[in-house]
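Have a look at the model below, and keep it open while you read. We'll walk through it a piece at a time.

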Amino acid sequence: MQVIGNVPALLTQQAANEPSESLVSKAARVSSEGGVVQWVNKLEKTHPCGMTLDALGQGVSCVAISGDGRLFVCGGLDCSVKVYLAATGKEVQSFVGHASAVSCCCFVGTSRLCTASQDGQMSLWDLTQGHRIAVLQGHQRRVSGVAAEESGKILVSVGWDTRMYVWNGVTGKQISMTSVTSCPISCVSFHPEGQRVVIGCWDSTLQVWDTFNKKRMRVMRGHSTSVRAAAYSRSGRHIASASLDGEVKLWAVRSGTAVGQFVGHSLPINQLCFTPDDAHLVTVANDWQVKVRSQCGKETLRVEGRERDGVCV
């Protein structure tokens with residue numbers, strides 16, 4: 001924008017190289033009377049990003065969508081927590097209380113929100129009344145993952161201190177603490193039916209735990225680098241995991257064996273999730289790309305961006 005401000009004539013050039021059938025491109029080509037350079041390899045379709053939010057402070061470190069799809073929340077490097085309407089992008093709530101950058105967040109049922117920060121502190125917020133219900137203390141290092149089972153009664157957190165905490169999702173009271181591994185933990189995801197969770201660890205393994213009985217049910221090995229993200233499919237039949245080297249694996253829950261492997265991102269993957277119908281897997285990475293794949297591994301959509309301080313919805 002600064003370049004266009006200094007050389008206004010470039011505005012017509014930029015407009016002419018929008019998709020050929022767009023109104024701005026047609027108008028620019030008519031007004032310039034052929035005096036613009038048209039790119040041969042320009043994008044001939046509109047950007048699939050439907051909304052961009054820019055006023056998000058120092059940057060966004062995490063995002064979560066409510067179970068009903070009505071709201072989404074962003075946690076910031078400036079310690080802020082902001083809640084938006086998914087349909088319009090309008091900010092409806094903001095919470096202040098963390099002293100360190102927000103590292104992860106999740107909705108807890110339909111009326112509560114959990115956020116965690118790099119200093120190990122967690123907060124449980126009431127979305128209806130707009131206040132903090134409780135400060136959840138226990139982790140000694142960065143909280144790297146939080147997840148709630150569907151009803152919102154149980155909340156699980158994991159962190160770099162190698163611990164997994166189970167909390168009451170209504171009151172914030174600690175239920176149990178388990179030291180599950182000898183290395184830091186990166187992520188956690190609840191099975192759709194609750195009680196079981198999968199965690200991803202720095203030692204490249206995935207572990208499935210029974211949170212009620214505090215029992216490890218399975219260890220899955222196959223990644224060659226640290227596991228950065230993991231998620232259960234909506235049916236509970238599969239687990240998807242992503243590692244530091246950009247590799248994505250698909251696992252059969254019943255047998256614990258890898259049934260698929262995808263590559264494509266050039267830098268570490270930060271998060272992944274299944275679509276509600278389980279037909280596709282969405283991955284986001286440090287290479288500024290969002291990729292949508294079918295479960296057979298075929299890439300069906302790629303979104304590329306360079307907007308470091310915005311969130312696309």
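This is a predicted model: local features need pLDDT of at least 70, side-chain atom pairs count only at pLDDT 80 or more; totals for chains, interfaces and linings use all residues.

Residues are numbered from 1 along each chain as its sequence is written, and side-chain values use heavy atoms, with hydrogens and water left out.

Start with the open sheet: four strands in the order β2-β3-β4-β5, with antiparallel pairing. At its edges sit β2 (60–65) and β5 (91–95), each pairing on one side only. From one strand to the next, the twist averages 20 degrees. Strands here are DSSP runs of E, at least two residues, numbered from the N terminus, and two of them pair if DSSP finds at least two bridges between them. β2 and β3 (residues 71–76) have five antiparallel bridges, and Cys-62 has Gly-75 in β3 as its bridge partner.

Now hop to Thr-211, in the loop between β16 (205–210) and β17 (215–221). Thr-211 is buried, with a relative accessible area of 9%; buried means under 20% with a 1.4 Å probe, protein chains only. Its side chain reaches the backbone oxygen of Gln-195 at 2.6 Å. Leaving aside residues up to four places away in sequence, Thr-211 touches Val-156, Val-166, Gln-195 and Val-197, where contact means heavy atoms within 4.5 Å.

Ser-226 lies in the loop between β17 and β18 (227–232). Ser-226 also counts as buried, at 13% relative accessibility. Not counting residues up to four places away in sequence, its contacts include Cys-201, Trp-202 and Leu-244.

Terms used:
Buried means under 20% relative accessible area, exposed over 50%, partly exposed in between (1.4 Å probe, protein chains only). A polar contact is a pair of N or O atoms within 3.5 Å; within protein, one must be able to donate a hydrogen and the other to accept it, and residues adjacent in sequence count only if both atoms are side-chain atoms. Axes are lines fitted to C-alpha atoms, for helices over the stretch in contact, and angles run from 0 to 180 degrees between N-to-C directions.
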